[in-house]
Amino acid sequence: MDAPLDFRGKAGIADRLFGFAALAAGTIVLVALGTIAFTTTRRAWPALDAMGFDFITSTRWAPNDEVFGAGAFVYGTLVTSTIALVLAVPVSIGIALFTTQVAPPRWRKPIVYVVDLLAVIPSVVFGLWGILVFSKQVLPVYELLHGWFGGIPVIGALFGETGSGRNFMTAGIVLAVMITPIITSLSREVMDTCPTTDREGAYALGATRWEMIRGAVLPHSRNGLVGAVMLGLGRAMGETIAVALVIGSTVGVSANLFAAGDALPARIANEWGEAEGNWRAALVGLAVALFVITIIVNLAATAVVQRTGERGGRR
Amino acid sequence: MTDTLHDGLADDSSSTDDAPVFVTSDLSVYYGAYRAVRNVSIDIRQNEITSFIGPSGCGKTTVLRCFNRMNDLIVGARVDGSILYRGIDLYGADVSAVEVRRHIGMVFQKPNPLPKSIYDNIAFGPRINGVRKRSELDDIVERSLVRAALWDEVKDRVKASALGLSGGQQQRLCIARTIAVEPDVILMDEPCSALDPIATGRIEELMQELKSDYSIVIVTHNMQQAARVSDRTAFFTVEVNPESDRRTGVLVEFDSTKKMFSNPADERTENYVTGRFG
Amino acid sequence: MTVDGGSGLDLSQRPSSRTRTDRAMTAVMLVCLLAVVVPLAAVVYTLLKNGAGQLSAEFFTADIPTISRIEGPGMGPAIVGTLLITAVAAAMALPLGILGAIYLNESSAGGRLGRLIRFMATVMTGVPSVVMGLFVYVTYTLRFKQNAFGGALALAFLMLPVVIRTTEEMLKLVPDNLREASAALGARRSRTVLTVVLPAALPGVVSGCLLAVARAAGETAPILFVVGAATSVNTNVFREVNTALSAQIFANAQLPFEGAQQRAWGAALTLVLLAFVITLIARVVTARFALKR
């Protein structure tokens, strides 16, 4: 009883050690992004330095001549992710609406499970299916579309001749399948936060279910949906392996969606094995370009989603 | 239940149509197997304010939500007995809930403007009912806002978000939105419970003004409010089954507000209105 | 009782074009659901059709043929490699990620640093795996050569932000009164976290971590750059090239030989089964034990 009261005690040290370990873990995340940017840029520098702005704008990629223009791959990445979004966004929102607003509660879980099952399948397996099965099956459909729309001015350019089934369109479709689960689950979450009172308010004015969705659920979810779509876009742009297998691996810029091309990450995966010297540096440069693009997209998505959260908090 | 419809209403009888708007007979509401309210029989009359009072859990809101079939939205909810709205069975096989709600509007406990502009909130109802012309919509929006005593406060910012309004303004916006579809009846579910006394006063004033054009049914937990605004009052209470601990709402008494608060027939009503009942 | 039902009031009149739109949109939503079920079924079907025949004890254990033209099994080294790389990655990322999440949720509630870390973790989840692979190549492989540990590093970096974010979500679900009760008994914060908060959140944390592991096990791009390609089993994480199922699928899918493609299908089915089993365990853990949102 004579011992002086010591409020610090031994546990104080344990507390501090614990806090230190936790802080270290957090710091790794903090420095990781900067480190990634720095080390990869440094490694890619010989190629970036030699090419200057042409690295992004030029569409000539000729490793044997030491010419590295990533323009065609940037183009391929944009085209394939655009196709993926055009296909996946309506489908995802449709599924999310069906799950949250239409389906009886008993159906909800099974639907969520089935959609999430798509996210369990690794991308390389989608790629395998794409290259050995889907790209062959879908060829007649492309030819049919070419026959229907190929002759129409302007739009016809999109539906040109089909070589093999491995092209922008196939890559876009496979990407769409892969990003649908993520967009669906994020959309579902934001739709779930639409207050019952808002929905009842619309119903009480004599709205049908669809009118209620348009009047209450969609306006409420708009920001969150934009965020979900952008996160999906980030995924689509960074997806490597599936695209590498089905895009056709050709350096080319063509409006024709049925033409073979290549995308940033796919080119890295396909050429890495044979590349050396500046070629390798240029491939790392492609990764830097991809990193910058995806970070911008993800930052924007995070900002949009956070704005939704704050607004949700106010209400 | 009680059939003393013409007692104590001499001052008001001239304006009332003899045919009730709603005739509710032997209404019970179930959620799954659980009976939430049983055997309610009430007539709601035209151009009157009818208030439902009672302790929480007594089923007053549940009954109110039967009048515009809002309970349809709750999975497992089921109704027994009948509600005739102007002679038509609301729960008849051929009746569309969407159509019912166009005639019978509702204002909720928490102001629930849609996340859109003030203008679009009010135009929402008319738009879904096929009003497309800009000038016509402008007209309806202004008329509804004036009627809801909100026009002067928002006329310079009808394109601004409705979520920027104060609670009281939001609730008046919800009333304006309801009026915009030109309903016959307005149901109000504790419309002032989220508002301060001043905003509450404004809504009560508004109800008196709206009475000439609409029949109003209001659920309130505030007895003074019922006494102030309503022509008739229904008192509900909870019956607890001692064995199963199940709670069921029942209608105790329904009469003119004056009689309910001065000389109720049922002892339970008397206890409640005099504050002796928790 | 007389009613004015004769006044033309008709509640049955269903506004036809509106009802039609409503029905049409519901149908469209169902079609959307179908649009997902069809490719899922197609992938699963071809996987089973082409892969099931490959699976055998020999396929799981035998070395990968050095000449890809050859038909027949196996995928033993790739299976070992996948398990090894994923396990090492998990051993690094899970403790670190969970600690990081504890820091975010328990130590620095709302602090500026905490918010920054949370934000960075969110952004980091968006870094493509190919970039992460090259990052590890530049910082590790150039010095230590291709081996399994490089792959594990890359996968760990991919898992880390996911683990942090999901763990934090689970910790948030632990009610504050549990923390207060423990603190009121005189427990230090570290004790409170270890004996009260973490056990309460554990099922959710485990399930979130398992899902992150399942995703990482299927990653391909980093393996290509930093692990290399072995054809026989290598259990030394730090020495010599290794391989993984995903990398084998990628390599064999591009070969025109029947035997290689068959091995790719077999490897794909194995990989999907592995990911599926991990996911299933996660599901069961969530359904059985987790705190509900």
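A residue counts as buried if 20 or more other C-beta atoms lie within 10 Å of its own C-beta atom. That cut-off is used at several stops of this tour, which goes through a predicted model.

**Stop 1: E190 in chain B**

Select E190(B), in the loop that runs between β7 (185-189) and α7 (197-210) of chain B. Is E190(B) buried or exposed? It has 20 C-beta neighbours inside 10 Å, so E190(B) counts as buried. E190(B) and K110(B) are 80 residues apart in sequence, yet their C-alpha atoms are 8.3 Å apart in space.

**Stop 2: R86 in chain B**

Stay in chain B and go to the loop between β4 (77-85) and β5 (88-89), where R86(B) lies. R86(B) is not a glycine, but its phi is positive, at about 45 degrees. R86(B) counts as buried because it has 21 C-beta neighbours inside 10 Å.

**Stop 3: two loops of chain C**

Move to chain C and select K145(C), in the loop between α5 (129-144) and α6 (148-173). K145(C) also has a positive phi without being a glycine; the value is about 65 degrees. With 14 other C-beta atoms within 10 Å, K145(C) is partly exposed.

Next, select P73(C) and G74(C) and show the backbone. The peptide bond from P73(C) to G74(C) is cis, with omega near 20 degrees. G74(C) has its place in the loop between α2 (57-61) and α3 (76-107) of chain C.

**Stop 4: the core and I249 in chain C**

Which residues have the most contacts inside the largest nonpolar core? They are M159(C), I249(C) and A268(C), in a core of 272 residues. Select I249(C) and look around it. Not counting residues up to four places away in sequence, I249(C) touches V124(A), V125(A) and L128(A) from chain A, and A264(C), A267(C), A268(C) and L271(C) from chain C.

**Stop 5: where chain A meets chain C**

Colour chains A and C separately. Here 67 residues of chain A are in contact with 71 residues of chain C. On the chain A side, the largest share comes from helix α1 (residues 11-51), with 19 residues. That side divides into 49 nonpolar, 15 polar and three charged residues.

**Stop 6: helix pairs in chain A**

Hide the other chains and select helix α3 (residues 71-102) and helix α7 (residues 168-192) of chain A. Their axes come within 6 Å and cross at roughly 40 degrees, which means that α3(A) is oblique to α7(A). The crossing is right-handed. The residues of this contact divide into 20 nonpolar, ten polar and two charged.

The axes of α7(A) and α9(A) are 8 Å apart, and the helices pack at an angle of about 150 degrees. The two are therefore roughly antiparallel to each other. Their crossing, too, is right-handed. To see the contact, select residues of α7(A), including L175(A), I179(A), I182(A) and L186(A), together with residues of α9(A), including V217(A), S221(A), L225(A) and A228(A). The contact of α7(A) with α9(A) divides into 13 nonpolar residues, four polar and one charged.

Conventions: Residues numbered from 1 in each chain as written. Chains lettered and ligands numbered in written order. Predicted model: local features only at pLDDT ≥ 70, side-chain atom pairs only at ≥ 80, totals over all residues. Core = buried A, V, L, I, M, F, W, Y, C linked by C-beta atoms within 7 Å. Buried ≥ 20, exposed ≤ 12 C-beta atoms within 10 Å, placed from the backbone. Contact = placed C-beta atoms within 7 Å. Axes fitted to C-alpha atoms, helices over the stretch in contact; angles between N-to-C directions. Helix = DSSP H or I, 4+ residues; strand = E, 2+ residues; numbered from the N terminus. Parallel < 35°, antiparallel > 145°, perpendicular 65-115°, else oblique. Left-handed = near helix turned anticlockwise from the far one by under 90°. Nonpolar A, V, L, I, M, F, W, Y, C, P; charged D, E, K, R; others polar.
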